[in-house]
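Student: I would like to learn how to read a protein model. Could we go through one together?

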Amino acid sequence: MQETLNYINENKQRFVDELFELLRIPSISADPAYKDDVLKCADVVAGYLKNAGADNVEICQTKGYPIVFGEKFLDKSLPTVLVYGHYDVQPADPLELWTKPPFEPYIEKTELHPDGAIFARGSADDKGQFFMHLKAFEAMMKTNSLPCNVKFILEGEEEVGSVSLGDFVNENKEKLSCDCILISDTHIYSNEQPTVTTGLRGLSYVEVEVEGPNRDLHSGLYGGAVPNPIHVLSRMIAKLIDEDGQITIDGFYDNVEDVSDEERAEMNKLKDNPEEFKKSIGLSGVEGEEGYTTLERTSIRPTLDCNGIWGGYTGEGAKTVIPSKAFAKISMRLVPYQTPEEITEKFTAYFKKIAPENVKVKVTPHHGGMPYVLPTDTKEFLAAKQAMETAFGKEVLPYRGGGSIPITSMFEKVLGAKSVLMGFGLDSDAIHSPNEHYGLFNFYKGIESIPLFFENYAK
């Protein structure tokens with residue numbers, strides 16, 4: 001293993017230079033204008049995978065953007081690790097808020113990254129993180145130290161819901177058969193307190209519509225005598241959460257996991273700094289469900305948030321109308337053992353129940369995903385924990401994330417394998433936001449940790 005680590009250390013600058021090539025490609029899957037760039041990125045990724053030493057490298061066509069596949073099969077008696085990542089990125093808008101152009105990567109030191117951070121769209125989510133696996137694999141191949149079989153599946157539609165991935169996995173079960181799945185698309189708690197993500201929340205996402213009069217009305221002629229859909233919608237949204245931070249939807253908490261006092265105590269070992277948390281997002285105070293810490297509210301408890309609301313006139317100047325319709329987008333983060341189907345159904349029934357009789361209500365489900373938990377007594381978790389403890393030289397704690405990666409539950413259902421969420425970013429990396437960045441320290445620690453995971457897991 002020392003020879004592998006020496007190879008990594010000797011090639012650090014080249015690894016960054018190669019990552020910059022990927023980051024210069026605006027592989028924005030959500031915008032059809034960037035179709036050629038997404039396809040170009042798949043080609044470049046396949047080239048790096050092949051050069052690293054993978055066999056059977058393919059650019060597999062789907063109904064959407066292609067999936068890059070490659071493998072190195074040593075012996076059927078050895079375990080097989082399937083590495084997942086995505087090469088597509090979020091749109092860069094609003095461009096005016098970026099310090100420098102989002103697809104012209106550069107390195108700059110920050111307070112959290114004194115060694116420097118790579119600034120570019122996709123640097124942390126997920127090009128910088130999946131590229132760690134390619135470089136770690138290259139290092140193991142060059143030093144003849146790969147201890148088990150490995151497969152790679154790198155998709156180009158994660159930022160638009162992995163719309164083709166499910167079909168591809170179901171149609172290629174044998175090609176993708178494995179003993180565990182390794183994913184780096186999450187973050188650690190901090191560089192001082194490294195963590196392995198052991199849980200993710202699920203998601204139910206809906207759009208709601210409230211319709212009042214059959215057309216926009218003059219607010220002088222009709223105001224005070226008819227229901228205003230914006231007012232009605234606002235009151236309905238306000239009724240979804242009570243003053244104690246509890247979601248009021250009938251039966252919403254019926255299937256919520258009862259996390260033990262022991263597990264809650266373990267997760268609260270993380271050095272939670274309320275003042276730093278508030279400062280980092282420019283708030284003087286926080287709120288949430290009574291009886292739970294901030295760490296618990298953002299991980300083991302379900303939530304409901306209004307993500308957008310609109311209606312009526314929002315252009316320049318004034319237009320005095322009572323709108324015919326008002327709209328909102330609402331997301332609910334779910335925990336074991338809630339399902340998106342159950343929660344969407346309960347939300348729909350409750351939202352229609354609290355609507356006044358003089359308006360019409362429509363609820364349109366969008367997308368959802370199941371929550372996911374990796375038990376801390378599994379060989380997958382222990383292999384990751386020990387690998388990161390060796391690389392960081394510090395105790396590594398379990399950490400439940402608040403976000404959602406729906407593919408983890410799909411992988412387990414179809415392939416029968418647990419996913420190890422061994423991410424290395426920080427929650428301050430501004431993913432999906434202007435000035436996204438990824439610390440050089442984190443990039444290198446990831447490349448060092450991955451061969452150690454393979455070694456531990458093989459044992």
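Student: How are α2 and α14 oriented to each other: roughly parallel or roughly perpendicular?

Tutor: First, a word on the source: this is a predicted model, where local features need pLDDT of at least 70, side-chain atom pairs count only at pLDDT 80 or more, and totals for chains, interfaces and linings use all residues. Residues are numbered from 1 along each chain as its sequence is written, and side-chain values use heavy atoms, with hydrogens and water left out.
Helices (H or I, at least four residues) and strands (E, at least two) are DSSP runs numbered from the N terminus. Helix α2 (residues 12-23) packs on helix α14 (residues 440-458) at about 110°, the axes being 12 Å apart; axes are lines fitted to C-alpha atoms, for helices over the stretch in contact, with angles from 0 to 180 degrees between N-to-C directions. Angles under 35 degrees count as roughly parallel, over 145 as roughly antiparallel, 65 to 115 as roughly perpendicular and the rest as oblique. Therefore α2 and α14 are roughly perpendicular.

Student: Which residues in α14 meet those in α2?

Tutor: Contact means heavy atoms within 4.5 Å. From α2 come Lys12, Gln13, Phe15, Val16 and Leu19. Their partners in α14 are Leu440, Phe443, Tyr444, Ile447 and Glu448.

Student: Which strands are at the edges of the open sheet of 4 strands?

Tutor: Strands pair if DSSP finds at least two bridges between them. The order here is β11-β13-β9-β14, with antiparallel pairing. An edge strand pairs on one side only, and these are β11 (303-311) and β14 (360-369).

Student: Over how many bridges do β9 and β13 pair?

Tutor: Take β9 (residues 202-211) and β13 (residues 325-334), where Val208 stands opposite Ala328 in β13. The two strands pair in the antiparallel sense, and the number of bridges is 10.

Student: How far apart in sequence are the parts that Tyr48 and Phe131 tie together?

Tutor: Rings of Phe, Tyr and Trp (its six-membered ring) pair if their centres lie within 6.5 Å; planes under 30 degrees apart count as stacked, over 60 as edge-to-face and the rest as tilted. Tyr48 and Phe131 are edge-to-face, at 5.3 Å centre to centre and 85° between the planes. Tyr48 lies in helix α3 (residues 35-52) and Phe131 in helix α4 (residues 127-142), so the separation in sequence is 83 residues.

Student: Is Phe131 buried or exposed?

Tutor: Buried means under 20% relative accessible area, exposed over 50%, and partly exposed in between (1.4 Å probe, protein chains only). Phe131 has 0% relative accessibility, so Phe131 counts as buried.
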